[in-house]
Amino acid sequence: MIMGEIKRFLRGDGRLKVSRSLKELALKEKYAAEELRKKLGREPELKEIAHELGVGEDEIIIASEAAREVESLDAEIYKNDGKTAYKLDKVAARDESDKIDDGIILRQAIEELDERDREIIRLRYYEDKTQTEVSKKIGVSQVQVSRLEKRILKIIRDKFAM
């Protein structure tokens, strides 16, 4: 139990929740790219790295993006004559109607879920509970909560793709 808690602490090193498999793939990609650089004498192409690891190019891209550091919108871009510009100043504001549409789609997607799935989403994303806390609340294992959550999020993402 103690080892499990230590591993969970060490894995939770970022601000965003990223699956262990994505973190591991990103690390493998980093090492494979370095080995290919040495072997080829040039920067390897994405397809070469994917072939070396035996995964798809899209998986490499997703893992690389997931492993990137989170950037703050409050970070300074430049200072000049006492004026400071921040990243937030440069972000294009989304149209209000897009936000409203996204909210409607999300609400509908959640309403279409069965009761247990809605409860999992409510606990995880509205009450910020851990998978372990959710598992105790609904009476299944943490691993099962993880699988259910992954399935539910895919359903919701698919609604946005329509």
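**Entry 1**

I started at E112, which sits in the loop between α6 (96-111) and α7. The model is a predicted one, and I read every value below with that in mind. Is E112 buried or exposed? I find E112 exposed, with a relative accessible area of 54%.

Next I asked which side chain E112 meets in a salt bridge. The partner is K159, at 2.7 Å from N to O. E112 lies in the loop between α6 and α7 and K159 in helix α9 (residues 142-161), so this pair ties together parts that are 47 residues apart in sequence. K159 is partly exposed, at 26% relative accessible area.

I also checked E112 against I156. These two are 44 residues apart along the chain. Their C-alpha atoms are separated by 9.6 Å.

**Entry 1: other salt bridges**

How many salt bridges are there? I get 10.

I took D117 and R151 next. They form a salt bridge, with the closest N and O atoms 3.0 Å apart. D117 is in helix α7 and R151 in helix α9, so to speak two distant parts of the chain, 34 residues apart and linked by this pair. I then compared the cover on each side chain. D117 counts as buried, at 2% relative accessibility. The cut-off for buried is under 20%. R151 counts as partly exposed, at 36%.

Then I looked at E127 and R122. Their salt bridge has its closest N and O atoms 2.1 Å apart. E127 is partly exposed at 38% relative accessibility. R122 is partly exposed too, at 30%. I also noted a network here: salt bridges that share partners join E34, R37 and E43.

**Entry 2: D128**

D128 is found in the loop between α7 (115-126) and α8 (131-138). D128 is exposed, with a relative accessible area of 60%.

**Entry 3: helix α2**

I turned to α2, residues 20-40. This helix has 21 residues. From its first C-alpha to its last it reaches 30 Å, close to the 30 Å expected at 1.5 Å a residue.

Which residues of α2 are buried? I list L25, A26, E29, A32, A33 and L36. They cover an arc of only 135° around the axis, which puts them on the same side of α2. I noted that E29 is one of these buried residues.

What covers them? The cover includes α3 (46-53) and α4 (57-67). I then looked at the other side of α2. There K28, K30, Y31 and K38 are exposed.

I checked what comes after the helix. α2 is followed by G41, which has a positive phi near 75°.

**Entry 4: the patch at I2, M3 and I6**

I looked for nonpolar surface. I2, M3 and I6 make a nonpolar surface patch of about 330 Å². Where is I6? I6 is in helix α1 (residues 2-11). Its relative accessible area is 42%, so I6 is partly exposed.

**Entry 5: the whole chain**

Last, I stepped back to the chain. I count nine helices and two strands. Read along the sequence, the pattern is α-α-α-α-β-β-α-α-α-α-α.

How much of the chain is buried? Of its 162 residues, 17% count as buried. The chain exposes about 12800 Å². Carbon and sulfur atoms supply 53% of that area.

I closed with the contacts.

Key
Residues numbered from 1 in each chain as written. Predicted model: local features only at pLDDT ≥ 70, side-chain atom pairs only at ≥ 80, totals over all residues. Heavy atoms only, no water. Helix = DSSP H or I, 4+ residues; strand = E, 2+ residues; numbered from the N terminus. Buried < 20%, exposed > 50% of the residue type's maximum accessible area, 1.4 Å probe, protein only. Areas by Shrake-Rupley, 256 points an atom, 1.4 Å probe, with all protein chains shown as cover. Expected span 1.5 Å × (residues − 1). Arc of directions from axis to C-beta. Contact = heavy atoms within 4.5 Å. Patch = residues over 30% accessible without salt bridge, like charges linked within 9 Å, V, L, I, M, F, W, Y side chains within 5 Å. Salt bridge = Lys/Arg side-chain N within 4 Å of Asp/Glu carboxyl O.
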